[in-house]
Amino acid sequence: METTDLIWMNGKLLPWEKAQTHVLTHGLHYGSAVFEGTRVYKTPQGPAIFRLKDHTKRLLYSAKTMGMNVPYSEAEINMATLETVRRNKLKQGYIRPIIYYGYGKMGLNPIGAPVEMVIACWPWGKYLDDRPIRVQISDIVRIHPKSSVTDAKISGHYTNSIMAVLSLDPGFDEALLLDFKGNIAEGPGENFFMVKKGVLYTPKLGTILAGITRDTIFQLAADHGLKVLEKTLKPTDVLKGDEAFFTGTAAEVTAIGSINGKKIGNGKMGPVTTTIQQAYMDVVKGKNKKYERYLSRI
Ligand code: PMP
């Protein structure tokens, strides 16, 4: 991976290679960590972090679900994130804050283990392909809402996503997970949308992560006079869609060309996906005044 000079760790900026943790870190053994994925973009007024405040809010919400006593306030985390990006002179890329139960105690109950926090950032381009991707519905089912707090971004949840990705058959780019009822849930790290007769459909909250990109898309669709419905979707519904796409901080807006080998529409990026993708890229790159409030300048 591409690196930067400094990583913020427990309040201090350390050289990249010095930001280390003990092998008996609680979070490493049990997934008792919470994290975010945030992006910084070049804008005409210089680099800006997109929806930093919302990512920090979700991070602290996730920390709460794991009983973490975080020694930093929301404002302090926002400041530390901006400082980390600024000091690394990062113009565009990805930011990874993580809070984890550290070293000092074993056993499943983490209370008593230190709560550690790290903020790293690095240059990172496209997460998924530019061309419409080939998606496969996974046999791995999205975590049950009663097994955990599914709208928290907890590291341990991601074994579910990793297994879905590892079990893809050759020739597929990304997985699409169903929930325990067999309804469409989401991608391993993306929310799912489909388009039918000019209307956007996306699964309801309940088993999925409440994506910040998903929320942005709701607003952009409204700006373009497009209706979005949160709806229970079956695999048969999505195979009949005119268009489909994934959204996420890393994936941005990624067109889906086929699902289980069946073309969606003509298999090319459709007009609604194109409009939404363009509108999203304009917002994150500071070309839409209406959404200035979402940009935190470095
Ligand atoms: N679902 C999952 C499981 C994810 O990991 C992500 C990425 N954070 C998303 C959806 C999209 O969320 P966001 O738009 O906030 O990045």
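Predicted model: local features only at pLDDT ≥ 70, side-chain atom pairs only at ≥ 80, totals over all residues.
View 1. Residues are numbered from 1 along each chain as its sequence is written, and side-chain values use heavy atoms, with hydrogens and water left out.

Among the lining residues are Asp 242, Ala 255, Met 269 and Thr 273. Strand 14 and strand 15 (252-259) each give two or more residues to this lining. (Helices, H or I with at least four residues, and strands, E with at least two, are DSSP runs numbered from the N terminus.)

**View 2. Now for the space inside that cavity: about 40 Å³.** A search of the whole structure turns up one cavity of 30 Å³ or more. On a 1 Å grid over the protein atoms alone, a cavity is a set of points where a 1.4 Å probe fits but cannot get out; a pocket is an open set with protein on both sides within 12 Å along at least five of seven lines; and lining residues have an atom within 4 Å of a point. Grid points are joined across faces, edges and corners, and a volume is the space filled by probe spheres set on the points.

**View 3. The largest pocket holds about 620 Å³ of space.** Of its 29 lining residues, Phe 35, Tyr 127, Lys 153, Tyr 158 and Gly 189 are the closest to the centre. Helix 4 hands over the largest share of the lining, four residues.

**View 4. The ligand sits in the largest pocket.** "Sits" here has a cut-off: more than half of the molecule's atoms lie within 2 Å of the grid points. Helix 5 (212-223) and strand 14 (243-248) each bring at least two residues to the shell around the ligand.

View 5. A polar side-chain atom of Glu 186 is 2.7 Å from a ligand nitrogen. On the oxygen side, a polar backbone atom of Ile 212 lies 2.7 Å from an oxygen atom of the ligand, and a side-chain N or O atom of Thr 213 lies 2.5 Å from a ligand oxygen.

Technical notes
Polar contact = N/O pair within 3.5 Å; in protein donor to acceptor, adjacent residues only side chain to side chain.
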